[in-house]
Amino acid sequence: RRSVQSNFIPNFDDEKAIAFERRHTTLDDVRKSFADIGYPPDMVEKWIDEGRVYAISEDNGKGKSTSVWSDVNPAFRALCYRTIFDSDCGS
């Protein structure tokens, strides 16, 4: 059993993680969002280097626009700790 408090990311903010939007206008915006949740900058930079956070181009009907997408979903981590790890199910 792992409690929510055992999350290895210090000061992890569950509520901000669950509210995280995976699409951002700039790379700096996504960096700030991850920092607000509690992720260390080196972890975020690793995700960018690995291609897990990347720019996407879209045609929105008014022309092409570019935004940043995160394959990393902090809500998943938060919900796993709440419902799977911090549980007596299966004991």
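What percentage of the 91 residues in the protein is buried? Buried residues (under 20% relative accessible area, with exposed meaning over 50% and partly exposed in between; 1.4 Å probe, protein chains only) make up 31%. The model is predicted: local features need pLDDT of at least 70, side-chain atom pairs count only at pLDDT 80 or more, and totals for chains, interfaces and linings use all residues. Residues are numbered from 1 along each chain as its sequence is written, and side-chain values use heavy atoms, without hydrogens and water.

**Overall make-up**
- The protein has 4 helices and 3 strands, taken as DSSP runs (helices H or I, at least four residues; strands E, at least two) numbered from the N terminus.
- Their order from the N terminus is α-β-α-α-β-β-α.
- Of the contacts (heavy atoms within 4.5 Å) between residues at least 6 apart in sequence, 62% join residues at least 24 apart.

**Helix α2**
- V30, F34 and I37 are the buried residues of helix α2 (residues 27-37).
- They lie on the same side of α2 because they cover an arc of only 60° around the axis, taken from the directions from the helix axis to the C-beta atoms.
- D28 and K32, on the other side of α2, are exposed.

**Aromatic residues**
- Rings of Phe, Tyr and Trp (its six-membered ring) pair if their centres lie within 6.5 Å; planes under 30 degrees apart count as stacked, over 60 as edge-to-face and the rest as tilted.
- The count by this rule is 4 aromatic pairs.
- One of the pairs, F34 and Y39, is edge-to-face, with 5.5 Å centre to centre and 90° between the planes.
- Both F34 and Y39 are buried.
- Ring pairs join F20, F34, Y39 and W47 in a cluster.
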